[in-house]
Amino acid sequence: MVKYNPLSYAYIGDAVYELFIRDMLIEKYPNFNPHKYHIMSIKYVKASNQAYAIRALWDELDDEEKLIAKKGRNAKPHTIPKNADIVDYKFATAFECLIGYLYLEKREERLQIILQKTFNILTKGRCD
């Protein structure tokens with residue numbers, strides 16, 4: 001059951017994902033300075049890598065999760081970042097929408113599974 005606008009899910013999903021990435025980087029590299037964390041986190045949160053992650057995870061999503069992601073992908077954003085391809089931006093919005101949905105629906109276990117898989121996918125494939 002969808003309670004919120006897909007862009008509302010994406011809005012909170014962006015924050016949840018950013019916090020998860022920051023937490024993982026501090027855990028993995030406890031003695032970096034904030035600038036180094038920032039440089040590393042950008043690799044994980046940029047639209048092209050979020051788009052890559054949702055595509056890599058797609059076959060592992062259940063029907064409800066796919067529906068939510070599709071709603072996010074098809075949402076009409078008011079702005080498009082200058083440094084993001086429109087297709088990647090739409091898939092990144094789908095990813096953030098899914099994260100926000102899982103967070104707001106209190107599906108903590110599934111949220112952690114998706115976040116951890118995303119971190120692993122990007123660390124091994126895009127952010128090493």
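Trainee: Is Ser41 buried or exposed?
Mentor: Ser41 counts as buried because its relative accessibility is 4%; buried means under 20% relative accessible area, exposed over 50%, partly exposed in between, with a 1.4 Å probe and protein chains only. Keep in mind this is a predicted model: local features need pLDDT of at least 70, side-chain atom pairs count only at pLDDT 80 or more, and totals for chains, interfaces and linings use all residues. Residues are numbered from 1 along each chain as its sequence is written, and side-chain values use heavy atoms, with hydrogens and water left out.
Trainee: Which residues is Ser41 in contact with, leaving aside neighbours within four places in sequence?
Mentor: Glu18, Ile21 and Leu25. Contact means heavy atoms within 4.5 Å.
Trainee: And where is Ser41 found?
Mentor: In helix α2, residues 34-45. Helices are DSSP runs of H or I, at least four residues, numbered from the N terminus.
Trainee: What about Pro34, buried or exposed?
Mentor: Pro34 lies in helix α2 too, but Pro34 counts as exposed because its relative accessibility is 67%.

Technical notes:
Helices (H or I, at least four residues) and strands (E, at least two) are DSSP runs, numbered from the N terminus.
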